[in-house]
Amino acid sequence: MDDCIFCKIIKGEIPSKRFYEDELMIVIADIAPKANKHYLAIPKKHYKLFSEMSEGDAIDLAKCIRKIGEIAPSLGLENGFRLVVNQGDDAQQTVFHLHMHLLGGQVLPEQNFKDR
């Protein structure tokens, strides 16, 4: 997408510090962190929503999620992290390129959807 900020970051048109990169995704710091450690894992292929993914995209996203688990300690997330994906307007998705927020580096506040 020509006007997508994440596509521009992926192409190198907008500079960013990359904490990780492979053929499927990049991991960068969030510019408005909500935790001591707040990263964005951004698939290189552009799509906005899970519902727009092909079967192949879903397989690639699963590989990205698995890789996040592997690299978490190198990101300072060895004690755990929260993975958040905002989908659509009601979830306040502001960049319309699917991405995952990795939050950690501290004990995170409880959420109303706490594990039971």
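Q: If two strands pair when DSSP finds at least two bridges between them, which residue in S2 stands opposite Glu21?
A: The model is predicted, with local features needing pLDDT of at least 70 and side-chain atom pairs 80 or more, while totals for chains, interfaces and linings use all residues. Residues are numbered from 1 along each chain as its sequence is written, and side-chain values use heavy atoms, without hydrogens or water. Strand S1 (residues 18-21) pairs with S2 in the antiparallel sense over three bridges, strands (E, at least two residues) and helices (H or I, at least four) being DSSP runs numbered from the N terminus. A hairpin of three residues joins S1 to S2, and the residue opposite Glu21 in S2 is Ile26.

Q: Which residue in S3 stands opposite Ile26?
A: S2 also pairs with S3, in the antiparallel sense and over five bridges. In this pairing, the residue of S3 that stands opposite Ile26 is Ile42.

Q: Why is strand S2 largely enclosed by the rest of the structure?
A: A residue counts as buried under 20% relative accessible area, exposed over 50% and partly exposed in between, using a 1.4 Å probe on protein chains only. Strand S2 covers residues 25-29, and it is largely enclosed because the number of its five residues that are buried is four.

Q: How far apart in space are Leu49 and Asn86, C-alpha to C-alpha?
A: Leu49 is found in the loop that lies between strand S3 (37-43) and helix H2 (55-71). Leaving aside residues up to four places away in sequence, Leu49 touches Gln87, Gly88, Gln93 and Leu98, where contact means heavy atoms within 4.5 Å. Although 37 residues separate Leu49 and Asn86 in sequence, their C-alpha to C-alpha distance is 9.0 Å.

Terms used. Two strands pair if DSSP finds at least two bridges between them.
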